[in-house]
Amino acid sequence: WQTIIMFGLLGLVLSLVISFVQPLRYASTARLLILQNIGTQVDAYTASRSEERVAENLSTIIYTSTFFDQVMDSGFDIDNDAFPTDDAQSRRAWRKTVSATVSRGSGLLSISAYHQDIKQAEQIVRAVAFVLTNRVGEFTSGGNVQVRLIDAPLNSRWPVKPNVVANILSGFFLAGFVGIGYVLLQSERLRKRHQFVHE
């Protein structure tokens, strides 16, 4: 048990070091409602599924370079220096900056932006919401799709990335499992050595 706990504590320390080497980032989150008018002949369930599908498509489009360019050109106070000039690196940075999730069974789309400066995170999420609400027709097939901002950006009080608590627990338990494997391996070696000596 001492060996297993020692491995667990080592994993805990390593996870702490890795967590605090990364820059601490705040989050700003807004929620959007996707509305699609597909006629009166369609039942409510089908209409809801259609809106959910549109929301899923938009949640994928948000990560594209075309959408990124429109966000950066939307007129909000976003620091361009936060994104590399190289296209590939800029895409990776953008994917780490924003996240989009769809609430199942509805057309609710949650957009989050992460940044070391909470004001920058809010500006980014406002710009994303602006592009979606004003240019949704450019990203959807068919007409009659509207996007409405139903929850204004909500800023986190504390950094949310990296998740220090989750990292510590993961590091402790993963290293603990490694410790268990190490102890079992050593026990098997001792058993074989003891068996060899007696033979």
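The model is predicted: local features need pLDDT of at least 70, side-chain atom pairs count only at pLDDT 80 or more, and totals for chains, interfaces and linings use all residues. Residues are numbered from 1 along each chain as its sequence is written, and side-chain values use heavy atoms, with hydrogens and water left out.

The chain has six helices and four strands, taken as DSSP runs (H or I of at least four residues for helices, E of at least two for strands) and numbered from the N terminus. Their order from the N terminus is α-β-α-α-α-β-β-α-β-α. Of its 199 residues, 34% are buried; buried means under 20% relative accessible area, exposed over 50%, and partly exposed in between, with a 1.4 Å probe and protein chains only.

In helix 4, the buried residues are Ser90, Ala93, Trp94 and Thr97. Seen down the helix axis they fall within an arc of 100°, so they line one face of helix 4; the arc is that of the directions from the axis to the C-beta atoms. The face turned away from this buried side carries exposed Arg95 and Lys96.

Helix 4 also holds aspartate 87 and arginine 91, which are four residues apart and therefore separated by about one helical turn. Their side chains form a salt bridge at 3.5 Å, N to O, the term standing for a side-chain nitrogen of Lys or Arg within 4 Å of a carboxyl oxygen of Asp or Glu. Aspartate 87 is partly exposed at 45% relative accessibility, as is arginine 91 at 43%.

The whole structure has five salt bridges. One of them joins glutamate 56 and arginine 104 at 2.2 Å, N to O. This pair links distant parts of the chain, with glutamate 56 in helix 2 (residues 44-61) and arginine 104 in the loop between strand 2 (98-102) and strand 3 (108-115), 48 residues apart. Glutamate 56 is partly exposed at 25%, whereas arginine 104 is exposed at 64%.

Asp77, Asp79, Asp81 and Asp117 form a negative surface patch. Patch residues have over 30% relative accessible area and no salt bridge, and like charges are joined within 9 Å; Asp and Glu count as negative. Aspartate 81 lies in the loop between helix 3 (65-72) and helix 4 (87-97), and is exposed at 70% relative accessibility. Aspartate 79 is placed in the loop between helix 3 and helix 4 and is partly exposed at 33%.

Definitions and conventions:
Patches are made of residues with over 30% relative accessible area and no salt bridge: like charges are joined within 9 Å, nonpolar side chains (Val, Leu, Ile, Met, Phe, Trp, Tyr) within 5 Å. Accessible areas come from the Shrake-Rupley method with a 1.4 Å probe; for residues, only the protein chains shown count as cover. The place of a charge is taken as NZ of Lys, CZ of Arg, CG of Asp or CD of Glu.
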